[in-house]
Amino acid sequence: MALPVRDQVKYWSVASAVFLGAIWLLGDVMLPFILAMAVAYMLDPVADRLEAMGLSRALATVVITAAAAFTFVLIALLVVPTLVGQATDLIATAPQLFDDLQSFLTAKFPDILDEQSQIHQSLLQIGETIQSRGGELLSTAISSVMSIFNVMMVLFLVPVITFYLLMDWDRMVAQVDKLLPRDHAPVLRRLARQIDETLASFIRGQGTVCLILGVFYAAALMLVGLRFGLVTGAIAGALTFI
């Protein structure tokens with residue numbers, strides 16, 4: 001016999017409050033697990049396809065982990081140094097770029113951008129701010145990203161947790177399914193299946209679009225000789241997600 005709706009609302013409200021409170025209190029500790037769960041969720045269809053091809057779940061997980069490690073090392077060796085170097089050069093060159101922009105606008109719109117105009121003063125202020133704070137902000141961002149804790153979390157904790165989550169993903173889903181209220185289980189399964197299909201399709205599609213556009217922009221801009229082609233392509237590809 002199902003519980004009355006009022007009791008269900010009360011119990012689910014209490015459970016949601018406890019869950020959100022635990023997330024808030026343990027946010028820093030749970031971050032690697034949340035990241036690993038997101039990665040495992042995205043890689044689970046790949047593991048299922050490898051299983052359909054005849055591999056065991058453990059072997060499929062090992063293959064995916066090895067491919068991901070190889071890709072990460074390749075990107076770290078070939079792309080990251082160039083990307084960081086171009087970003088540093090871009091920030092150092094930004095004041096000159098703003099000066100060139102100011103000269104261009106002044107030549108094209110002399111009546112609007114005179115030395116006393118608000119737009120002229122704003123451009124000067126932006127250039128001075130970037131020149132004085134840009135390098136400091138970049139060094140702060142790099143040092144924070146490359147801190148020991150973050151490096152250990154990204155390079156060790158997340159891959160290890162992802163490996164075990166991916167290997168036991170189907171069993172975890174089966175255990176969650178056993179906890180569903182029997183009266184509402186069919187509806188919950190149908191809704192979860194629809195959410196999974198929609199969310200997975202969106203993430204795969206949007207990620208593919210970002211990757212294709214980022215690679216295309218970076219390659220095209222570098223081929224035409226743009227100095228900051230790689231960082232421009234990376235920024236454009238990332239902004240495509242928005």
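1. Which residue forms a salt bridge with Asp 168, and how far apart are the closest N and O atoms? The partner is Arg 171, and the closest N and O atoms of this pair are 2.3 Å apart, where a salt bridge is a side-chain nitrogen of Lys or Arg within 4 Å of a carboxyl oxygen of Asp or Glu. Asp 168 counts as partly exposed at 26% relative accessibility, whereas Arg 171, at 56%, counts as exposed; here buried means under 20% relative accessible area, exposed means over 50%, and partly exposed lies in between, with a 1.4 Å probe and protein chains only.

2. Before going further, please keep in mind that this is a predicted model, in which local features need pLDDT of at least 70 and side-chain atom pairs count only at pLDDT 80 or more, while totals for chains, interfaces and linings use all residues. Residues are numbered from 1 along each chain as its sequence is written, and side-chain values use heavy atoms, with hydrogens and water left out.

3. As for the overall build, the protein has nine helices and zero strands, where helices (H or I, at least four residues) and strands (E, at least two) are DSSP runs numbered from the N terminus. Of its 242 residues, 17% count as buried, and the protein exposes about 17400 Å², of which carbon and sulfur atoms supply 73%; such areas come from the Shrake-Rupley method with a 1.4 Å probe, and for residues only the protein chains shown count as cover. If one takes the contacts (heavy atoms within 4.5 Å) between residues at least 6 apart in sequence, 64% of them join residues at least 24 apart.

4. The structure holds six salt bridges, and one of them joins the side chains of Arg 57 and Asp 170 at 3.4 Å, N to O. Because Arg 57 lies in helix 3 (residues 57-78) and Asp 170 in helix 7 (residues 169-178), this pair ties together parts that are 113 residues apart in sequence. Arg 57 counts as buried at 10% relative accessibility, but Asp 170 is partly exposed, with a relative accessible area of 38%.

5. Another salt bridge pairs Asp 177 with Arg 189, and the closest N and O atoms are 2.5 Å apart. Asp 177 lies in helix 7 and Arg 189 in helix 8 (residues 185-223), so the pair ties together parts that are 12 residues apart in sequence. Both partners are partly exposed, Asp 177 with a relative accessible area of 24% and Arg 189 with one of 30%. Elsewhere, salt bridges that share partners join Asp 44, Asp 48, Glu 51, Arg 57 and Asp 170 into one network.

6. What makes up the largest nonpolar core? It has 11 residues, among them Ala 36, Leu 50, Ala 60, Ile 64 and Trp 169, and a core of this kind is a set of buried Ala, Val, Leu, Ile, Met, Phe, Trp, Tyr and Cys residues joined through side-chain atoms within 4.5 Å. Helix 2 (27-52), helix 3 and helix 6 (148-167) are the elements that give two or more residues to this core. Leu 50 touches Leu 55, Ala 60, Val 63 and Ile 64, if residues up to four places away in sequence are not counted.

7. Helix 8 has 39 residues and reaches 56 Å from its first C-alpha to its last, close to the 57 Å expected at 1.5 Å a residue, the expected span being 1.5 Å times one less than the number of residues.

8. On the surface, Val 187, Leu 191, Ile 195, Leu 199, Phe 202 and Phe 241 form a nonpolar patch with about 550 Å² of accessible area together; patches are made of residues with over 30% relative accessible area and no salt bridge, with like charges joined within 9 Å and nonpolar side chains (Val, Leu, Ile, Met, Phe, Trp, Tyr) within 5 Å. Phe 241 is placed in the segment after helix 9 and is partly exposed, with a relative accessible area of 46%. Leaving out residues up to four places away in sequence, Phe 241 touches Phe 202, Gln 206 and Cys 210.
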